[in-house]
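The model is shown first.

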Amino acid sequence: MAHLEDIIPETDIGGGRRNTTSLQATSDTLNGASSSSLGSTLSTTTPGSDSLSLSNERWRQEQDGHRLQLEQRQLREWREKQVRAQQQDNAPGALDSTNQQENEETFIYGTSIQTKRFEKHFRDFLVNFHDFENDARMLSDTDGVEQEQQSTYEFELHRLHFLYDGGMESSAFELSFVPTLNIKGSHLFEYAPSLYKQIVSFPQELIPSMDMQTTNFYKELFPASPVKRIQTRIYELKDNTMLRDLGPDNVNQLVSVRGMVTRISEIIPDLKAGVFRCERCRDETRVAIQRGFIEEPRGCSTCGSTGGMTMIHNRSIFSDKQLIKLQETPESIPEGETPHTVTLSAFDSLVDIVKPGDRIDVTGIFRAVSSRVNNRQTKMRNLFRTYIDVVHFRKAGMRI
């Protein structure tokens, strides 16, 4: 029996389901060879070898039966586990919780700011902030009965609706008119310093979200209004920066500077989206501008022809642009120093607001752009040109 136990290997129970047919065939071959050799040996020395072979065969069949039952039980447990996991994944709240977790973990590109958290924080500011020192924000109905006091910027939205939406036709809004809501930077800092710091540090990424939340809030107040979008403009930041102090640390951040306008340019049409028409099939394609450049389509997506796309200027989208030269005010120039200047870029409704000689406070994004050595080469100069992308003008104590 010791020789038979060495010939018949033990089964690895924890290794998963094994090929029962091949295992049984191997066992039959080994046991058959062992039984024949052992039987021939015992037939010459010991009587009763037939009964011994029958007992070995019965033992082998019992072992195979136990092994098969174990494998079937393991397979049944694995299938039950898979079914339970699938039922948990398809539960009613499983998908909602997954989507909610993904939304909560969505960050604004290039920042560590969660999108949903910032939008909620800014909306709370619009709904709940009150400027108790300067505002008497009480609305009265036709009978002169005072209504409940509103938040500062909720009142501003009501006033915006009364001044523009109430007296203008819907066609004016559908064309180019975009109402603006001016937001004081000191109010943001007073309500939530962290919110103020995020907006100042990442204005290019966060101002579009502010516009969207302001528009949604306005639509909740006035569902029938034809206004499609409201712009938010921040002014009067907590700290002003001298023109000569602007440096690399301020690039792509919101800054507030003060100076005197020395020169303004003519209004320049600035392309936002171009429309290209195929000369063969007359199909039109709109291409948006990206980083100051617009790429002409290489071919028509409808007929497949190449090299036959022409820009249609009267169907393209342009915005008004004006360049303004701002110089330090005389009282802020150190003795014996030359005044510093910076270029301002104003768009749309900010065009033709100021004129030479005006002293203004400017809030905008300080930008730095590089230039190429040659338009046909990819080499870039190591010196950058700086300018301020204007968000808000303020002159002579008046908001614009």
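## Terms and basis

A residue is called buried when its relative accessible area is under 20%, exposed when it is over 50%, and partly exposed in between, using a 1.4 Å probe and protein chains only. Helices (H or I, at least four residues) and strands (E, at least two) are DSSP runs numbered from the N terminus.

The model is predicted, so local features need pLDDT of at least 70 and side-chain atom pairs count only at pLDDT 80 or more, while totals for chains, interfaces and linings use all residues. Residues are numbered from 1 along each chain as its sequence is written, and side-chain values use heavy atoms, with hydrogens and water left out.

## Residue T214 and helix α10

T214 lies in helix α10. With a relative accessibility of 0%, T214 counts as buried. Contact here means heavy atoms within 4.5 Å. Apart from neighbours within four places in sequence, T214 is in contact with F122, L126, L157, L181, I230 and T232.

Other residues of α10 are buried as well, including P203, L206, I207, M210 and F217.

## Helices α5 and α10

Two packed helices are described by the angle between their axes and the distance between the axes. Axes are lines fitted to C-alpha atoms, for helices over the stretch in contact, and angles run from 0 to 180 degrees between N-to-C directions. The axes of α5 (residues 115–128) and α10 (residues 203–221) come within 10 Å and cross at roughly 50 degrees. That makes α5 oblique to α10; angles under 35 degrees count as roughly parallel, over 145 as roughly antiparallel, 65 to 115 as roughly perpendicular and the rest as oblique.

From α5, F118, E119, F122, R123, L126 and V127 meet L206, S209, M210, M212, Q213, T214, F217 and E220 of α10. By class, this contact has eight nonpolar, three polar and three charged residues (Ala, Val, Leu, Ile, Met, Phe, Trp, Tyr, Cys and Pro count as nonpolar, Asp, Glu, Lys and Arg as charged, and the others, Gly among them, as polar).

## Two loop residues with positive phi

Most residues other than glycine have a negative phi. N252 has a positive phi, near 65 degrees. N252 sits in the loop between β2 (231–235) and β3 (254–264), and is partly exposed at 40% relative accessible area.

D348 also has a positive phi, of about 55 degrees. Its loop runs between β8 (341–347) and β9 (359–372). D348 is partly exposed, at 44% relative accessibility.
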